Structure formats: C-alpha cells, structure tokens
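Look at the two chains together and follow the text from the place where they meet to the open space beside it. Please keep the structure in view while reading.

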Amino acid sequence: MRNKIIYFIGLGFVFSVLFYSCQSEDQITFARYYVNGKGLYEKNCQNCHGANGEGLKKLYPALTDTTYIRNNKARLSCIIKYGLNEKIIINGQGYEEKMPGNTSLTAIDVTQILVYTGNSFGNKLGAFQLENVSAGLKDCR
Amino acid sequence: MKFYLFVLAGIFILQACNSGNNKTLPILGERELADRTVNGKIVQDTVYQTIAPFRYLNQDSIPVTDKDFNGKIYVADFFFTSCNTICPQMHRNMLKVYEQFKDNPEVKILSHSIDSKYDLPSRLKIYAGKLGIEGHQWEFVHGSSDSIYNVSAKNYLVAAYEDKSDAQGFVHQGWFILVDKNKRLRGAYDGTKADQVEVMIKDMQILLDEKVDAK
C-alpha cells in the first residue's frame, strides 16, 4: 500500500515536470520579454514612474490606470519611444509636463518594456508582437 | 581559555549597545585651530567648516537667506525641474523626509536649482505645487549659476555644474547634506537610495535631540 502511494506521487511529479517543460514557444518568449523589459524599465522609466509604477504626485503619472493603458494600447509604443507633449488624464488627474522621448530604444526594447509594464502594476494586456510594435513605431509621427 | 573568550565577547556586545544608544553624528568638512577667549583666558579651539551666508529667491520669489535657517537643522540638495535622471528619485525620497518632519519648526529642506536659466521662481512654484508642497518648510531656490555652483562645491561639497557633453547638460550628484543648527555639515546621504534616506531620517532625530553648543 505504502509503495503504491509513493509510486503515484512519483508518477505525478514526473508528469508535472513534463507538463511544465512543455511550455509553448509563445510563453517562453513572453517570459523572456517580461524579464528583459523589467531591466529596461529600471534603466529608462523607473526614475520618474517609480519601481511600482506609482509615478510621483502630480509631476509624473502613474502607470496603474488600467483603463487608459488598455484604451491606448496601440499608442503606448510611440509614447515610450518619442515621449509625450500634450495633456493626458491619468487616474482622474491631468498631467501636462512634457515627457522626453527615449529615441535610443529599438523596437525590441520597446516591445519588452510594453510586455513588462502592460503586465505589471495591475495591467493585464498579455503579449505584444515585435512585428506589430515595429510597424506601429513607423507610423508614430 | 573558553571563559576569557566568553567575557571578551560579552564586553564587545555591551560596547555595541552603548555606541548604538548614544550615537552622535560626526562633524564633516575642513577644520582649523583658532584662538578663542573663555573667561578672560585665550584657549585654542577647533573651528569647523560652516555654510557661508547666502541669499536666493524661493518658489514665491521671496528672498531666502541663511538667517531663515538659524536655529534649525536642514537638508540641502541640488536638482533641476526638467531633470529625468536622478532628481525624481531624490525628491520621491525627500518627500518622505518632508512628511516625517512636517510642521516641525526646527526642520527645513533647501533644494537648490542648478538650472538658473529655466528654473525661475515661477517654474519652481509649479514644480513644488505638483509635488504637493505648501508653505516654506521646503524651500526651492533660484540663484545665479555662479553662486549655486560655488556654494555646492565649496560649502556643501557636492559636485554640480553645467556640462555640455552630458545629455541633459548638467553634471550633478544626488547627495542629501545634513546641516546642524550651527550650520556645520553633519552627514551626507545618497538621496537616490531609499535605505540611505531612512538612515538620514534617524540621524535627523539624533541631531534634533543634540544640545546646541553656546557660541
């Protein structure tokens, strides 16, 4: 009886290992983008927007306004790369400080930052495809 | 042998406790010997570096001078409003200091703008307002670039100057400098690091509890 229990536990373990190692290509890409995106966020965005996307009072908007983020999904890549120079309303508060661009970021950098910020701080946007972001960046201005 | 080790360890532990309880902050900067008259006798005494008299305009275009800081401890830093590198992090941390000592008449904060062309008092007012700062406990000051760069290097020992090769046009360090009621330098903390600023807040309390030497 005891041997049987151990046997089943062992079998379950082997199956779960097999299952989790069979992550799809997409999931692996997502995880890689997310981790790289976090590093890029810390380097390029965190000074103003904060480690938890909390922003800073009325100077720098938070990244926690999930509605704004969702409704402006296509535009986010342009904001990340080229900055913003118009008034926006985030969490009910108007922000009009000019955001400087980060023009040195490449399309893959922007994609990774999008994956990280779009799936942190309460946002749940899921994956971003490099091809789409690349194409979107060409139509920014 | 074991017994001695035990006693030694005990002594070390006790000493550690002692120094923790009666921590005094060091006095930083240059110092020199000078003669001083005490009860009619001339004695030699150490004279420490102090902050020289200054005069700037604050966010309400009101002159701010060293006299406004008499009998107070204060934290000084150097920033500019359009800075997107270390300044937001510094002032995110400085806000904690502000909230901790809010309405304490013995504590002030002095933020010097190093961008005298763009950061006019009106601009500083907007910045302070967006940071949620009211009143004059936290002064954001505008001065000529010469005077600000001079005071940062010579008085506060912080590097801050224009540099055309930098992407934003300035080189500056994120130190928070703690100054006591006698305008002596008592601490320097990395204003971009939250844990260092925690230490500073504790040190500020020590400094507030310190008896002021009669001059």
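In this predicted model, B:Glu99 and A:Lys57 form a salt bridge, and their closest N and O atoms are 3.9 Å apart. Such pairs have a simple basis: side chains of opposite charge can pair when their charged atoms come close. Across the interface of chain B and chain A, five salt bridges are found. Polar contacts between chain B and chain A, counted where both residues have pLDDT 80 or more, come to seven residue pairs.

The size of an interface is often given as the accessible area lost when the parts come together. Here the area buried between chain B and chain A is about 1,200 Å², and carbon and sulfur atoms give 51% of it. Of the area that chain B buries against chain A, 50% comes from B:Asn84, B:Arg92 and B:Lys130, more than from any other three residues.

Salt bridges can also be followed within a chain. A:Glu42 forms one with A:Lys38, with the closest N and O atoms 3.0 Å apart. Both residues, A:Glu42 and A:Lys38, lie in helix H2 of chain A, four residues apart, which is about one turn of the helix. Over all chains the count is 18 salt bridges.

Next comes the empty space. Rolling a probe the size of a water molecule over the atoms shows where such space is left. The largest pocket holds about 1,200 Å³. Its lining has 47 residues, and those nearest the centre are A:Cys48, A:His49, A:Lys98, A:Met99 and A:Pro100. Elements that each supply at least two lining residues include helix H2 (25-44) and helix H6 (107-117) of chain A, and also strand E9 (170-172) of chain B. By class, the lining of the largest pocket has 26 nonpolar, 13 polar and eight charged residues.

How values were computed: Residues numbered from 1 in each chain as written. Chains lettered and ligands numbered in written order. Predicted model: local features only at pLDDT ≥ 70, side-chain atom pairs only at ≥ 80, totals over all residues. Heavy atoms only, no water. 1 Å grid on protein atoms, 1.4 Å probe; cavity = no way out; pocket = protein on both sides within 12 Å on 5 of 7 lines; lining within 4 Å. Points joined across faces, edges and corners; volume = space filled by probe spheres on them. Nonpolar A, V, L, I, M, F, W, Y, C, P; charged D, E, K, R; others polar. Buried area = accessible area lost by both parts, 1.4 Å probe. Salt bridge = Lys/Arg side-chain N within 4 Å of Asp/Glu carboxyl O. Polar contact = N/O pair within 3.5 Å; in protein donor to acceptor, adjacent residues only side chain to side chain.
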